[in-house]
Amino acid sequence: MKNIIEIKKVLKQFKVLKRKTGLKSSFTNFFSRDYKIIKAVNNVSLTIKEGEFVGVIGPNGAGKSTLIKILTGVLTPSSGTVKVLNYIPYKQRKEYTKNIGVVFGQRTQLWWDLPVKDTFELFKYIYKIPEEKFKNNLNRFVDVLDIDKYLDTPTRKLSLGERMRCDLVASLLHEPKIVFLDEPTIGLDVEAKFRIREFLKEVNANGTTIILTTHDMSDIEELCPRIVIIDKGKKIYDGLVDNVKKKFRKQRILVIDFFEEIDESKLKWKGIKTIKKEGDRVTLIIDTTKTTASDVIKKILSKWPIYDITVEEPEIEEVIRKIYKKGFNVS
Ligand SMILES: Nc1ncnc2c1ncn2[C@@H]1O[C@H](COP(=O)(O)OP(=O)(O)OP(=O)(O)O)[C@@H](O)[C@H]1O
Ligand SMILES: [Mg+2]
């Protein structure tokens, strides 16, 4: 598959006022121009191939939204090169935006006072979507996202989850090649998240490239094989979610249901960190730098009859929290 997004050494600086507190100092600030420069996106290079579903994650203020704004042509980078679908987004914004879809979860693109379906009609006009294509897409999207009942409601009367689903539809009616979604699941309930995820899976399976930012690690686990982690404007990881997990996978949790209660002191083997017994169920935490889950299982099976056994990996949330706190290079 060919590269659909190519950015090289992208830098975005903002000039911000140095904060001083108090009314008097806010005047001084105004006149003294006591500015500092922050690098919201700092030397980021990235390539994305057609058809990928990439998750962009990172702590608050990391630079994710700024990066999305650069990719969608809303912001001009301070330096570096940006090429998406052979366009330079910030230079050829008008032509370019016909080929992409954008949803900023924090802000709607629907007309506030218009019934939702009228906004859709406007998009049909703006993007010159042929009637047939428009109808087909709208019917399909309305169905999958279950928004039939809101079509006549003005946007301002919709709940967050209802509005977000309508925003997604609006961003996809013209069948863009790439969709940029900046926190599309923020503040949504379980059902709305589920619907949106199923919808996005379908859209991606039909060939649309999707770039998604989120703070919800279940979005990532469900949708994005590849993640880019941004921290303080810098790209600190770019690769498979699975590899992130593997790198930090130093412990495993084994839950074993024995046929009958056993003497747990007989489990004190190398690499077994803790043993917890509740009746005939034993939970072991093992250190995988010293042993492996499969070795432990083999040994157990050779000694006792067992009823069931499960192996759990560390939660992705925990792994990501560790990376945000200590960086990717520590383990
Ligand atoms: N227009 C602007 N002017 C000045 N500073 C800005 C501007 N936009 C963003 N910033 C700063 O740039 C940094 C990155 O912001 P950005 O919104 O890209 O972060 P984010 O990763 O999207 O965070 P969040 O997870 O909270 O959405 C922050 O320090 C923010 O304060
Ligand atoms: Mg953001």
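## What covers helix 5

Helix 4 (116-126), helix 6 (160-172) and helix 7 (190-205) are among the elements that cover the buried residues of helix 5, with contact meaning heavy atoms within 4.5 Å. Helices here are DSSP runs of H or I with at least four residues, numbered from the N terminus. This is a predicted model, in which local features need pLDDT of at least 70 and side-chain atom pairs count only at pLDDT 80 or more, while totals for chains, interfaces and linings use all residues. Residues are numbered from 1 along each chain as its sequence is written, and side-chain values use heavy atoms, with hydrogens and water left out.

Which residues of helix 5 are buried? They are Phe134, Asn137, Leu138, Phe141, Val142 and Leu145. These residues cover an arc of only 125° around the axis, so they sit on the same side of helix 5; the arc is taken from the directions from the helix axis to the C-beta atoms. Turn to the other side of helix 5 and you will find Glu132, Asn139 and Asp143 exposed. Buried means under 20% relative accessible area, exposed over 50%, and partly exposed in between, using a 1.4 Å probe and protein chains only.

## Length and end of helix 5

Helix 5 has 15 residues (131-145) and should span 21 Å at 1.5 Å a residue, which agrees with the 21 Å between its end C-alpha atoms. The expected span is 1.5 Å times one less than the number of residues.

## Aromatic pairs

Rings of Phe, Tyr and Trp (its six-membered ring) pair if their centres lie within 6.5 Å; planes under 30 degrees apart count as stacked, over 60 as edge-to-face and the rest as tilted. By this rule there are six aromatic pairs. In one of them, phenylalanine 123 and tyrosine 127 have ring centres 5.8 Å apart and planes at 40°, so the pair is tilted. Phenylalanine 123 counts as buried at 7% relative accessibility, whereas tyrosine 127 counts as partly exposed at 22%.

Another pair, phenylalanine 141 and phenylalanine 199, is edge-to-face, with 5.2 Å centre to centre and 85° between the planes. Phenylalanine 141 lies in helix 5 and phenylalanine 199 in helix 7, so this pair ties together parts that are 58 residues apart in sequence. Phenylalanine 141 counts as buried at 3% relative accessibility, and phenylalanine 199 counts as buried at 0%.

Methods. Chains are lettered from A and ligands numbered from 1 in the order in which they are written. Helices (H or I, at least four residues) and strands (E, at least two) are DSSP runs, numbered from the N terminus.
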